[in-house]
Every structure is written in structure tokens, then in C-alpha cells.
Amino acid sequence: RCVDACGQDSSNPIRDLASRGARLRTKARTGRRSLLGSCGDSAVIHAPLVSVVMPAFMAEPWLNRAIQSVVAQTYSRWELLVVDDGSSDRTGEIAGSLASVDQRIHVYAQENGGTSAARNVALSVARGEYVAYLDADDEYLPSHLEVRVAALAKGCDLVFGPVIVVEDGHRELYHGRLDGGDRDCVMPLMVMHRRSCLSTGLFDE
């Protein structure tokens, strides 16, 4: 069962999502309770862990922004599993540097085996109740995980939502919901129960 993570119809769901993330960050700064919280906040400690799966091949130009978009999430109970798929550029170095300052980031390396093989490596070590996907050339909006975890808590098995497609890092080509036909765009939008990943089998390599 899939739901739109925005919850309600909107003429511009992406910007609604971004606006909500900004409001949540403001609440955190003013001391109000939010999922951002501190490590000592029991609400955060008992929140479900989300394993973010990120295959990365020759991703030097985009990787830092992709990882920073996870670090900036309003939902803080996540682990990021970056799998360097045999890159010959600075992909591994960049990921390792960011992992050295945030213990929620874990970096793995393999010989080049393709995106599916890299995702399977991450899934084999994932500890989260939920699994999210993010490609190394994509980014999350700040409330991405929080909105989707809330939807999963209502009994959904899988959640995906709207997307912004940009060119050259800034020019917006499209924003809105996808019909599921564009697999490359749909995968990074998905958050699902890890048990669902395991019961349906891993990615075909």
C-alpha cells in the first residue's frame, strides 16, 4: 500500500514540504519539542531507526550535497550507508571524511558491480526498522524522512511522494508527483519497512 507523503492535495506539494521542514527547524531552535531533539530526548531514542541506502559511483561532484541533505533532516534517527561502487575519483575520500565527523554515516567499498549490487551490500548491513533510498546525485528536502516515517507509522508498507527535477543544480524542470513510470526518480523517493525488502528479495544484480 502506497500513500502520498504530503497527505493532502496541494497545488505545490514540494514547496509545502520544504516550508514544513523550515517550520520544524524553527521549533527546534526555539526549544519546542520536535523529532530533531537531542540524544537525551526519549522521544528521539525510541523513534524507529531509518537506514538510508546510498550507492555511489564516480559521485565526487554531487556526493557532499547528497550526504549533507541527510545530515540536515529534521528526523535524526537514521544511519547512512554509503557504498562506493569501485569509483576512481574522490567518492570514497569525501564519504570517509564526512563519516569521520558523524558516526551515523558508514562507508563501504566494493569493486564495481553496479547500483543494484551496491544497494544489496547496504541492505545486508542495514539495522533500521525502515529503509530509505537516496542516490549520490540526489538530495532530500529537510523533512523528507519525518513525513514518511509518520506515514509508515499509520500502517503503510511503502511510502513515496513528490519530486523536484533540476538541471545544472538550480534550474527547475519539473515539480510534482510521479506516476511510478520513471524508476530512476521513484527509487530515491521511497521509504519502506526493511522486512518488506527482505521478504521480496534483494535487487537483481
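Predicted model: local features only at pLDDT ≥ 70, side-chain atom pairs only at ≥ 80, totals over all residues.
Is Met58 buried, partly exposed or exposed? Met58 has a relative accessibility of 32%, so it counts as partly exposed. Being buried would take a value under 20%, and being exposed a value over 50%.

Stay on Met58 and find its place in the chain. Met58 sits in the loop between strand 2 and helix 3. Now check its backbone. The phi of Met58 is near 50°, a positive value in a residue that is not glycine. Most residues other than glycine have a negative phi.

**Next stop: helices 3 and 4**

Select residues 63-71 for helix 3 and residues 91-99 for helix 4. Two packed helices are described by the angle between their axes and the distance between the axes. Here the angle is about 30°, and the axes lie 10 Å apart. Angles under 35 degrees count as roughly parallel, so helix 3 and helix 4 are roughly parallel to each other. The crossing of helix 3 and helix 4 is right-handed.

Which residues make the contact? On helix 3, show Leu63, Asn64, Ile67 and Gln68. On helix 4, show Thr91, Ile94, Ala95 and Leu98. Colour these contact residues by type: 5 are nonpolar, 3 are polar and none is charged.

**Look down helix 4**

Keep helix 4 and select its buried residues: Thr91, Ile94, Ala95, Leu98 and Ala99. Turn the view until you look along the axis of helix 4. The buried residues fall within an arc of 135°, so they line one face of the helix. An α-helix has 3.6 residues a turn, so residues three or four places apart point the same way.

What covers the buried residues of helix 4? Show strand 2 (50-56), helix 3, strand 3 (78-85) and strand 4 (105-110), which are included in the cover.

**On to Asn120**

Select Asn120, in helix 5 (residues 115-125). Its relative accessible area is 6%, so Asn120 is buried. Leave aside neighbours within four places in sequence, and Asn120 is in contact with Leu202, Phe203 and Glu205.

**Last stop: Cys197**

Select Cys197, found in helix 8 (residues 194-200). Cys197 has 5% relative accessibility, so it counts as buried. Which residues touch Cys197, leaving aside its neighbours within four places in sequence? Show Leu123, Val131, Tyr133, Met192 and Leu202. Pick Val131 from that list. Val131 and Cys197 are 66 residues apart along the chain, yet their C-alpha atoms are separated by 8.1 Å.

Note on methods. Residues numbered from 1 in each chain as written. Heavy atoms only, no water. Axes fitted to C-alpha atoms, helices over the stretch in contact; angles between N-to-C directions. Helix = DSSP H or I, 4+ residues; strand = E, 2+ residues; numbered from the N terminus. Parallel < 35°, antiparallel > 145°, perpendicular 65-115°, else oblique. Left-handed = near helix turned anticlockwise from the far one by under 90°. Contact = heavy atoms within 4.5 Å. Nonpolar A, V, L, I, M, F, W, Y, C, P; charged D, E, K, R; others polar. Buried < 20%, exposed > 50% of the residue type's maximum accessible area, 1.4 Å probe, protein only. Arc of directions from axis to C-beta.
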